[in-house]
Each structure stands twice: as structure tokens, then as C-alpha cells.
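This report was prepared for a reader who wishes to examine the geometry of one protein model. The sequence and structure are shown first.

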Amino acid sequence: MSKKISVKKNFVLDTNVILHDHRCLESFEENDIYLPIATLEELDKFKKGSDQLSYNAREFIRRLDALTSGDFHLRGASLGCEKGMLYVVTDDKYQQKVASAFLERIPDHRILSCAYTVAEAHPGMKTVLVTKDVNLRMKARALGIPVEDYTTDKVVDTDVFDSSHKTYEDVDADLIDRLHASHEGVDVSDFAFPGKPLPNDCFVLKSSRNSALARYNPFTGKIKKAGKEAGYGITPRNTEQRFAFEALNDPDIKLVGITGKAGTGKTLLALASALKQSALYRQILLARPIVSLANKDIGFLPGSEKEKVAPYMQPLFDNLNVIRMQFAANSREARHIDELQKNGQLIIEALAFIRGRSLSETYCIVDEAQNLTPHEIKTIVTRAGKDTKMVFTGDIQQIDSPYLDTQSNGLAYMIDRMRGQTLFAHVNLVKGERSALAELAATLM
């Protein structure tokens with residue numbers, strides 16, 4: 001039996017690949033990797049700072065320093081057993097074909113030129129530029145340069161996120177009656193499901209005379225009816241919201257992903273659930289990443305760092321105000337919210353401020369998680385200490401980061417990797433509940 005022979009390639013890396021995944025050097029198997037000098041120059045600009053991009057730049061530079069020593073400039077560096085070699089291209093010759101198309105010698109164009117230089121030096125091997133920049137990929141294709149996206153952490157099929165529950169018709173009516181009558185639920189083996197449900201799967205069960213909303217509880221092995229109770233003044237208004245409350249209100253489920261378009265109630269439900277269970281946790285933490293719009297960083301804003309990020313946190317305060325408005329100003333619930341904020345038990349802040357912390361006994365809600373990379377999501381989840389619950393909310397169709405899409409964002413990656421785990425649940429909210437106008441706009445515009 002003949003062994004399959006792989007065709008070795010050369011890969012030229014754009015800076016954004018490294019900033020997306022500082023461990024990217026491990027992802028190219030036996031192929032050789034070439035770093036343009038322009039890539040290293042761009043990395044140098046990112047290495048100072050407290051955000052994730054700066055962290056990735058520093059970690060990659062440290063890795064590079066460990067790999068390169070001695071006669072690296074002559075031989076390159078081995079990336080390990082059954083891996084390729086690493087080279088830095090110091091020849092910054094601006095290729096004529098690139099210069100003719102792009103007169104401005106910016107880093108992107110220098111990286112395009114570098115791909116040409118590597119291809120010329122190795123005419124017998126395919127040279128591929130790897131970049132997460134869609135525009136740079138288009139430029140490369142226009143010049144005939146082989147180019148690819150960095151797909152190591154991409155989700156193959158995001159269609160499975162569209163529906164997070166199953167509907168079964170013709171269920172035994174007596175079983176549904178038992179389900180309604182039992183607080184603990186009914187053994188999963190009593191149901192004739194096509195296969196064993198995944199942990200925390202949700203169901204719409206129907207018979208000729210009754211129906212029920214239910215969830216499979218992997219800790220008890222039972223199918224349990226989904227509750228209808230309100231959470232701190234917020235009552236679930238549709239099927240998916242009831243399923244979301246099921247996952248959010250169960251302290252045994254430590255990681256929850258809530259997806260859905262704008263106005264479906266993702267963050268509001270999570271916050272209401274956190275307030276309802278505030279006695280179980282030392283603190284409630286709401287955070288969201290800062291994704292600047294119009295190509296402006298927060299540095300152009302006046303004030304201290306906290307003052308700069310305040311406008312980005314306003315949507316979280318808006319959700320808190322919606323809950324507060326469910327109660328009279330002097331009610332016990334309203335006073336409790338004020339006390340939580342005053343005592344530092346309810347914190348709303350930028351995601352960058354929680355990096356490096358160990359979160360114990362915390363109900364942590366991360367909003368707009370679709371704007372995080374897979375590595376950022378992992379970094380946050382690994383902050384979870386004892387008795388901590390983490391909830392990530394977002395709309396994978398509404399991504400503000402220029403180098404992420406529906407398949408490569410961290411929220412989709414987390415849901416894909418965690419599906420089937422006992423400690424994890426995912427619910428996709430479908431119906432907008434903010435207003436009829438908001439629902440119409442989210443659907444049609």
C-alpha cells in the first residue's frame with residue numbers, strides 16, 4: 001500500500017494572522033513559513049498595551065525569540081518534529097508587478113511583494129499568502145498571487161446555530177402529563193427519541209391533546225419541564241426565551257451561549273437571571289469588548305481610561321435600567337440593585353479590565369461576544385474560578401471586527417467546541433421582543 005505523499009508549500013503570513021492567533025506557527029504542518037520584515041515591523045507597533053492584540057503580539061515575539069538563535073539568518077529555524085522551517089524575509093525589494101498596481105508602499109503592499117519574492121526564490125513550490133484581511137486577499141487575487149484565509153479555528157457549519165431546540169410530534173400524551181406533574185422530571189429512557197439527547201438539549205413535545213416545553217438535564221438523566229417563572233421582573237415571552245432562562249437559572253450549567261439578532265433579549269435575560277440568583281454569587285460582572293467604529297480608537301476620546309470606555313458600556317446600563325423600571329423606585333428590588341452597585345457586587349466594565357483576573361463565585365456576562373477571537377474566548381473562560389458561571393451573548397451575523405466572520409468568531413467557535421458537554425448549554429433566540437419596529441428592521445433591513 002503506497003503512502004500518500006503531501007506536496008510541501010511555502011506560506012507567507014500577514015500580521016493579522018499572528019494577532020488573531022499567536023500560536024499560528026503550530027498550524028502549518030510540514031510546510032515552511034515565511035515572515036515578511038513588514039510583518040515584524042507591524043507587530044512591533046502592537047506589542048505595548050493591555051488589550052488582546054497586544055498580548056498576542058508579545059506572545060508571538062517571545063515565541064520567535066525562543067526559536068531563532070545562532071545562524072538563524074543563514075539556515076532558518078525548525079518548528080519541530082514533522083514540522084517545516086521558519087524564515088524571516090529581510091529582502092524588502094518592491095516587486096515591479098506590485099509597484100505597477102499599487103504605487104503606495106504601505107505594509108500590505110510590501111507583504112504582497114514579499115509573497116512574490118518567496119515564489120521567485122522557490123519556483124518548484126507553491127507559495128501562498130495567508131491573511132485574514134478580505135481586501136488584501138482581493139488584491140492578491142487580482143495580481144494572481146495564491147492567497148488563503150487562516151481557517152484553523154473556523155467553524156465548518158454554522159447552520160446548526162439557527163435552531164437550538166427540537167420539536168417532536170405524536171409524543172405519548174400520558175408522558176407529557178407526567179412531565180407537567182413532576183418537579184424532578186421523567187426519565188429520558190421513557191421517551192422514544194431517535195437518539196440520546198445531548199446534554200441540556202431543549203424540546204417542544206406535542207401530542208394530540210397536550211404539549212410541553214422541556215429540557216434534558218444531564219445531571220439527573222431526566223427530561224424536565226421548562227419553567228415559566230419571571231426573573232427579577234422579566235418574564236420570558238416566547239419559547240426560546242423560556243429555554244434561555246432554563247439554562248441561565250440552572251447553577252449546574254457553568255457555561256451558556258445565547259445567540260440571536262438584535263432585540264431578542266439576550267443580554268436582558270442574562271442580567272435578569274443574574275440578579276435573581278445574586279445570593280448564590282459573590283459578584284455579578286457584565287463586560288463587553290470595545291470595538292471602535294469609523295477606524296477610531298478610544299485614544300481620541302477625552303478623559304480617563306474609565307471615562308473613555310463609558311460610552312461603549314452604555315448598552316449594558318440600558319439593560320440594567322430596563323430591569324430597574326420594572327419596580328418602584330423605593331421597592332426592595334430597586335434598593336437591592338443600588339446596594340449591589342454601591343458595594344461593588346454588580347460591576348459593568350470593559351472586557352479588557354478583567355484580563356488576568358481569577359473570577360471566583362462570579363456570574364459573568366460577556367456581551368457582544370461575536371467580536372472576540374476564539375483565543376480571547378478561551379482566555380476568558382479559563383479565568384473561571386470556583387462556583388463561577390459564564391454567559392456569552394451575541395449575534396454572529398453582526399460582527400464589527402474586520403478580521404472575523406460568522407465562522408471564525410469566538411462565540412461560534414465556543415458553541416461548536418462545547419456542544420455536547422454537560423456543563424454547557426446554547427440557546428438561539430429568534431423572535432425580537434424589543435418592539436414591532438425593531439423586529440421589522442432586524443428582519444428586513
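## Basis of the analysis

The model is predicted, so local features require pLDDT of at least 70 and side-chain atom pairs count only at pLDDT 80 or more, while totals for chains, interfaces and linings use all residues. Residues are numbered from 1 along each chain as its sequence is written, and side-chain values use heavy atoms, with hydrogens and water left out.

Helices (H or I, at least four residues) and strands (E, at least two) are DSSP runs, numbered from the N terminus. For accessibility, buried denotes under 20% relative accessible area, exposed over 50%, and partly exposed the range in between (1.4 Å probe, protein chains only).

## The six-stranded sheet

Six strands form an open sheet with parallel pairing, in the order β14-β13-β15-β16-β12-β17; two strands pair if DSSP finds at least two bridges between them. The edges are taken by β14 (346-350) and β17 (424-429), each of which has a single partner strand, so one side of each lacks a neighbour in the sheet. On average, neighbouring strands of this sheet are turned by 15 degrees against each other, direction ignored. Such angles refer to axes fitted as lines to C-alpha atoms, for helices over the stretch in contact, and run from 0 to 180 degrees between N-to-C directions.

Five bridges join β13 (residues 283-288) to β14 in the parallel sense. Within this part of the sheet, Ile284 has Leu346 of β14 as its bridge partner. Helix α10 (residues 266-276) lies across β12 (255-260), β13, β14, β15 (362-366), β16 (389-394) and β17, and runs at about 170 degrees to β15. Helix α13 (residues 374-381) also packs on the sheet, where it touches β12, β15 and β16, and its direction makes about 155 degrees with that of β16. Contact here means heavy atoms within 4.5 Å.

## Aromatic contacts

Rings of Phe, Tyr and Trp (its six-membered ring) pair if their centres lie within 6.5 Å; planes under 30 degrees apart count as stacked, over 60 as edge-to-face and the rest as tilted. By this rule, the count is nine aromatic pairs. One of them is the tilted pair of Phe28 and Tyr150, with 6.2 Å from centre to centre and 40 degrees between the planes. Phe28 belongs to the loop between α1 (15-20) and β2 (32-36), and Tyr150 to the loop between β6 (147-148) and β7 (165-168), so the pair ties together parts 122 residues apart in sequence. Both Phe28 and Tyr150 are buried.

The pair of Tyr232 and Phe327 is edge-to-face, because the ring centres are 5.5 Å apart and the planes stand at 70 degrees. This pair links distant parts of the chain, 95 residues apart: Tyr232 in the loop between β11 (222-225) and α9 (239-248), and Phe327 in the loop between α11 (305-324) and α12 (332-342). Tyr232 is buried, at a relative accessible area of 13%. Elsewhere, ring pairs join Tyr168, Phe191, Phe193 and Phe203 into a cluster.

A charge also lies over a ring: Lys139 is placed over the face of Phe102, at 5.2 Å from the ring centre. The criterion requires NZ of Lys or CZ of Arg within 6 Å of the ring centre and within 35 degrees of the ring normal.

## Salt bridges

A salt bridge is a side-chain nitrogen of Lys or Arg within 4 Å of a carboxyl oxygen of Asp or Glu. The whole structure contains 27 salt bridges. Among them, Asp32 pairs with Lys8, the closest N and O atoms being 3.3 Å apart. Asp32 is in strand β2 and Lys8 in the segment before β1 (9-13), 24 residues apart. Asp32 is buried at 7% relative accessibility, whereas Lys8 is partly exposed at 35%.

Asp405 forms a salt bridge with Lys154, with 2.8 Å between the closest N and O atoms. Asp405 lies in the loop between β16 and α14 (410-418) and Lys154 in the loop between β6 and β7, so parts 251 residues apart in sequence are tied together. Lys132, Arg137, Asp149, Lys154 and Asp405 are linked in a network of salt bridges.

## A buried loop residue

Gln95 is located in the loop between β4 (85-89) and α5 (96-101). Gln95 counts as buried because its relative accessibility is 6%. Leaving aside residues up to four places away in sequence, Gln95 touches Ser113, Tyr116, Thr117 and Glu120.
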